[in-house]
Amino acid sequence: MEVYKLESVGFKYPNRDSRALENINTVFKKGEFVTICGKSGCGKTTLLRLLKPAISPYGEFTGKIIFRGENIKATDGKNLSSAVGFVMQSPENQIVTDKVWHELSFGLENMGVKTQQMRARVSEMVSFFGIQDWFYKKTTELSGGQKQILNLASVMVMRPEVLILDEPTSRLDPIAASEFLQMLKKINKELGTTVILAEHRLEEAFAISDRVIVMEKGGIIAEGTPHDVGRILKKNKNEMYDAMPTTVKVFEAVETEGVCPLTIEDAREWLLEYTKENKPVQFDTENNVSECQKPIIELKEVFFRYERASQDIIKNLNLTVFEGEILAILGGNGTGKTTALSLISGINNPQRGEIYIKGEKLSKIPNLYDGLMGVLPQEPKSLFAKKTVFSELMEMTDKKLAKQERERKVLEVSHLCRIDALLENHPYDLSGGEQQRAALAMILLKKPQILIMDEPTKGMDAHFKRIFAGILKDLKRGGATVIMVSHDLDFCAEFADRCALLFDGAVTSIGDKREFFLNNYFYTTRACRMARGIIENAVLEEDIINALGGRYEREIQEEIYEYKISEMPKDEEKEKISLRQIAKGVIFGLCFALAYMLKLMDIVSFKGEYYLLSGAEIVFLALCLKNLLPRKTIENNTAKPSKRGIGKRTRTASVLILLLIPLTIFFGIYYLGDRKYYFISLLIMLETILPFLIMFENRKAQAREIVIISVLCTLGVAGRTAFFMLPEFKPLIAIIIISGVCMGGETGFLVGAMSGFVSNFFFGQGPWTPWQMFALGIIGFIAGVMSEYGILTKNRYSLCMFGFLSALIVFGGIMNPASVLMVTANPTKEMIYSSFLVGFPVDLIHAMSTAFFLWVLGEPMIDKLERVKTKYGLMEFNKSA
């Protein structure tokens, strides 16, 4: 029975020239275990996400996906959510609660499962996965393997028919990864669950798969049983053959007939039979460790703990790293490997012991990252701060060089790291492996003397691993020292000089790579386990093939990259804020504090002085930040003016906002005597939602859209509340304007009205609440409409000018007369004029503060909102409707 059927499926992301998927035709049968493999960026993750519409990417979809005989687009979303489970690559990205037991029940709670049934399901999953010992633990206390098992159990408690996993073992150590995959096999065989697994590490996954799909450039290039796929790739001399398990490559290198062994057990039996007739020959072994090496990093009796009351993570760590070597630090999850790197790189300081770099104490080195050290973290996203990969790489080049030279270096390293076609993409839009390569390119451009890399091969396919190996060799030839933490035992066995095993915060064994792996019984390479007791001193698949007289061939060739370590720059070359700027910033800061203290001391004699001091506060604070903070110009994101008239949707929203809501307020004043302001506020809320709902007359609102709008409302409320001590100094209108500019006029009105209503629960509800809701909402609506038609552009100056005028004229123009209407039923012209005159100082301060917050918040918030809109296709409508 077919669970999924894909017919000519294609997909293209916005703003990309090439298609992510092209003409995919395949089926996934019930109870089948399918492994999907391929190079990074070949479309694996895109394909998997399309199988679960709730997390499908935004873009141009073609073809058809049939789920249980029905088009997946027509399938009920609630049933599909429970029928298809999805486990992500990063365990941390999927855990949403603080306790293990709560994480297991979270999905069931959202599905409305009864408590008794929920307890029964959770207890069953806890027993099945063996979670009893850490059922009540905090999720932050779990190891990487435990977190991934928790994610799997949280999905399986929903009893899905299909289980989809996107590289779930990429962050697990070899033993934890093996246990996790065996758990998947158990789920598949004993529960009959269909498993669709995307994976780079095929050593274990290959053997338990019923079928393997190999992808390349968005299409399927090989499909069949594991035995068939290995032969197809070898016959076609495809680069993905290097990703095949050791057992497959050894067998195919020495025999052309028979059934290829997939497990270590089968491979040992085949090897014993083969060596009876073909005696193994001696093969050369090479010792890469030089006898006379100079220490470059020394750790002496180092201890470290994250909290004073917690246990030591690093315990009496002693380690010497030699100049020009590649040292691999191995060990299970939670043994302290990443913590040790954080100490070497100066991110954390040891509580006891000393760390020396080139004989000097680490704590005494002033500019550690200026040419001396470079760090590739486990999570490459932490390095990204620009809008494109090209901008990230340009930022890492030497600013003294000519622009053409800087661009040449960027293009050189991008070609080396195979990210040429990704330079114009946002770093967060890349796959895990592509992000890893982009981060590596950034580090290489700095040319440091010491490179520290935490899981550098995580997410890398076999193709780029071979290129990365060539880069490591070039780093070594160029005089660089490399320290890498890795779970990839085969990669370390082939390309490291020395290996160290970290356990319980200390090094338990260290030595030459070959000696290291031969002495280990379990924590060793698959080739070593396969040949132990049969072929002496075999550590790599190459060793076995050479001993058996086979031909060891690589489909991927290494490339040469000229690497020369950079010189340490002088201190004066670093860009700094001038002493004059610092002095001016301090003076204006003191002036701000003085003005604020004068207000608190109540020594002013009349309100005019109070307002003057408030205005002076804003000016002094703005001048202080202007001198002390780095200057950064906002990009001129000018919208193209619309050539068409106002659309039907906008006209309808305008009528509701400009006519219906004022009539509601009028009704409340003259017929309810302003006594039912809560009732009027609720009516306005309903009328506020109507224009927003009109936007979704042709489609359902996405959960992502609702979440974004909720967050904007929350920011508005929090911003107004956070500055309660400065009554006129608020970021609320700035946030409302940004919401309207980025998300549309209807959304701007909704954010303004809701923020005004909810924030008054802190500041006090009253007859003024409906007026404030209307005034704030109309500013957001006007900002959205003006931005849509190109009148209001997304640059700092136009936003600040609009914010100043809207707070002064629109908000003040509504709230000043409202203050009269709230106290008298018979207002006169003189009363209205006096309300404007008395309110002008307050409005002026409010306007200045709005312009100030737009200057500070405009760029980062607009960048983030536009980024989210583009990536997920939010607020995309037919505006002419």
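Which residues form a nonpolar patch on the surface, and how much accessible area do they have together? The legends below take up this question first and then turn to other parts of the structure, which is a predicted model.

**View 1. A nonpolar patch on the surface of the predicted model.** The patch is formed by F724, M725, V758, F761, F762 and F763, and together these residues have about 610 Å² of accessible area. One of them, M725, lies in the loop between α25 (703-722) and α26 (732-743).

**View 2. Strand β3, buried on both faces.** In a regular strand the side chains alternate between the two faces of the sheet. In β3, F33, T35 and C37 are on one side, while V34, I36 and G38 are on the other, and all of these residues are buried. Six of the six residues of this strand (residues 33-38) are buried, so β3 is largely enclosed by the rest of the structure.

**View 3. The parallel partners of β3.** Strands of a sheet pair through backbone hydrogen bonds, either parallel or antiparallel. Four bridges join β3 to strand β8 (residues 194-198), and these two strands run parallel. Strand β9 (residues 211-216) also runs parallel to β3, to which it is joined by five bridges.

**View 4. An open sheet of four strands.** The strands are arranged in the order β2-β1-β4-β5, and their pairing is antiparallel. At the edges of this sheet are β2 (21-29) and β5 (70-71), each of which pairs on one side only. Strand β4 (residues 60-67) is joined to β5 by two bridges, with the two strands running antiparallel, and the bridge partner of I66 in β5 is N71.

**View 5. Helix α28 and the glycine that follows it.** With 21 residues (768-788) and 1.5 Å a residue, helix α28 should span 30 Å, and this agrees with its end C-alpha atoms, which are 30 Å apart. Of the 21 residues of α28, 18 are buried, so the helix is largely enclosed by the rest of the structure. After α28 comes G790, whose phi is positive, near 80°.

Terms used
Residues numbered from 1 in each chain as written. Predicted model: local features only at pLDDT ≥ 70, side-chain atom pairs only at ≥ 80, totals over all residues. Heavy atoms only, no water. Expected span 1.5 Å × (residues − 1). Buried < 20%, exposed > 50% of the residue type's maximum accessible area, 1.4 Å probe, protein only. Pairing = 2+ DSSP bridges. Patch = residues over 30% accessible without salt bridge, like charges linked within 9 Å, V, L, I, M, F, W, Y side chains within 5 Å. Areas by Shrake-Rupley, 256 points an atom, 1.4 Å probe, with all protein chains shown as cover. Salt bridge = Lys/Arg side-chain N within 4 Å of Asp/Glu carboxyl O.
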